[in-house]
Amino acid sequence: MLPEAYHIAATAETPAVTLDASAGVYRIEGRSLPENAHQFYQPFIDWFVQLLETPGRQLELELYLDYYNSSTGRYLMELMLALEERSNTSNVGILWKADADDDIMLEKGEEFRQLLKIPVQVKALES
Amino acid sequence: MDKLKHSALEIYREHRLDDMFLVYRGFISDELTSTFLDISENTVVDTLGLTKVNRKASFLLVECFQNMLKHTHSERIDVREHADALFHFRFHPDYFRINSINTISRSEEAGLREAVEEINALDADSLKALYKDRLVANELSDKGGAGLGLIEMARKSGQKLHYDFRPIDGDRSAFWQQITMAQNGYDAALDTLDDLERMHAKVESEDVVLIYKGDLSQKAILPLILLLEKNTDGNALLSKRAGITMIEMLQNASKHGLNRGVLKLYRVDRKMVIEVGNTLELAQGQALVERLEVLHNMSEDELKEAYRNHLRNVRNLEQQTNSGLGLMEIARLSGGAFDFDLQPEDGAGFFTFRVTL
């Protein structure tokens, strides 16, 4: 059984989140500055863990962040590690998007690509 | 840390009694009305309570700022965005004060002086009558508003408007203005513009963009980020680096501190300097100093490696800590151009952190 979808709008300090297994959409987009990133991100980590209990799934998590604080960085890593741990039974990957002139976010994407064993595609978006 | 003329600690001491103090010297536009209102409301709601006086303060703030925007001289007359004004407000136990300095056309000076003098000559009942007359008669100047803004400022503050005009050049004057809402028996009639003179001299000499003293919780941080973003000269990369750095510094202060502190943004040699100071337990301050000393001695590659190791090992961290990821982020984004200081203050410590971008 698929976990219930998340469709959360962006706020001044948290990104828009769409996690919808039936539609095949997994996206986090915007700005992420919550003081308590655990409270915001842990439910999404749990969501993916539940989804990937069923082996043989295929998913690409799309991340397009304008900027984020270190607390978010920590939980993004936790989320990606949770996907990595289940990559032997499911086909998982990350699509990291950043504007072509955004050196900071492009570098962050590259760092995750080097740290993780699952594929991380870093895509520079031309305006 | 180099001794600054007007450091975060000096600002904190000078404004010890103020629940909130803000001076802004940068680009102004319509959208900043809600930014300043958010900053004021955070103090009013959380610190001072929702009394009638405090609600009036927020109203007055909006009137003053909008009035300033309306009368600011600009070459770019088709956009409501004007450079290099000064806007200041503070919540002192005895009063709420707003100051503004903005550029006007010399041709407007006589009309504005007359309007202010007319308003200052009236008592409360006469002001009320004038307000109604203007509203009904719809005598609009080419700036709009029929002087209603100035009348409302006088009515809401219950005080005369303190003002001055200072020539800049053949086309322009600077309009200096001060509104005070007094309480606890404070006599605002005795006020002068001396404090504004001193503040103006300091912020000009140090090329200050923003000084803020008050709450440093998450709610306070967001409008302050917007003020920073408005003043990065259209440089998107600087805006991002400065924004992330400032968030990390303020969230660090909020996490380790006693939730009140100082933020100062200023320019030195075309670089943006972010200075954050806050009170905290001495032991916490000492731990911060030790961590920063280690980071300060690392090369760029060592920092990169340390950051990646921490990230890779997040599973070993306790839930509520990032174990220095934020400080590492600051060190990386600044390229090591940061310094810090811990001083005893009020039986605890005052930690100052300064980053140059």
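Which strand of chain B does Asn99(B) lie in? I looked this up and found strand S5 of chain B, residues 95-105.

**Ground rules.** I am working with a predicted model, in which local features need pLDDT of at least 70, side-chain atom pairs count only at pLDDT 80 or more, and totals for chains, interfaces and linings use all residues. I number residues from 1 along each chain as its sequence is written, letter chains from A and number ligands from 1 in the order in which they are written, and take side-chain values from heavy atoms, with hydrogens and water left out.

**Asn99(B).** I noted a relative accessibility of 2%, so Asn99(B) counts as buried (under 20% relative accessible area; exposed is over 50%, partly exposed in between; 1.4 Å probe, protein chains only). I then listed its contacts (heavy atoms within 4.5 Å), leaving aside neighbours within four places in sequence: Leu86(B), Phe87(B), His88(B), Gln177(B), Gln178(B) and Leu196(B). From Asn99(B) to Leu127(B), 28 residues apart in sequence, I have 21 Å between C-alpha atoms.

**Chain A, layout.** I counted three helices and six strands, in the order β-β-β-α-β-α-β-α-β from the N terminus. Helices (H or I, at least four residues) and strands (E, at least two) are DSSP runs, numbered from the N terminus. The C-alpha atoms fill a box of roughly 40 × 30 × 25 Å along the principal axes. Of the 127 residues, 52% count as buried. For contacts with a separation of 6 or more, I find that 66% join residues 24 or more positions apart.

**Chain A, charges.** I have 10 positive and 21 negative side chains, with the centres of the two sets 4 Å apart. Lys and Arg count as positive and Asp and Glu as negative, while His and the chain ends are not counted; the place of a charge is NZ of Lys, CZ of Arg, CG of Asp or CD of Glu.

**Glu85(A).** I placed Glu85(A) in helix H2 (residues 70-85) of chain A. Its relative accessibility is 46%, so Glu85(A) counts as partly exposed. Leu52(A) is 33 residues away along the chain, and the C-alpha atoms of the pair are separated by 9.9 Å.

**Chains A and B.** I find 36 residues of chain A and 31 residues of chain B in the contact. The buried area (accessible area, 1.4 Å probe, that two parts lose on being put together, summed over both) is about 2,900 Å², and carbon and sulfur atoms give 49% of it. Tyr67(A), Ser70(A) and Arg74(A) supply 23% of the area that chain A buries against chain B, more than any other three residues.
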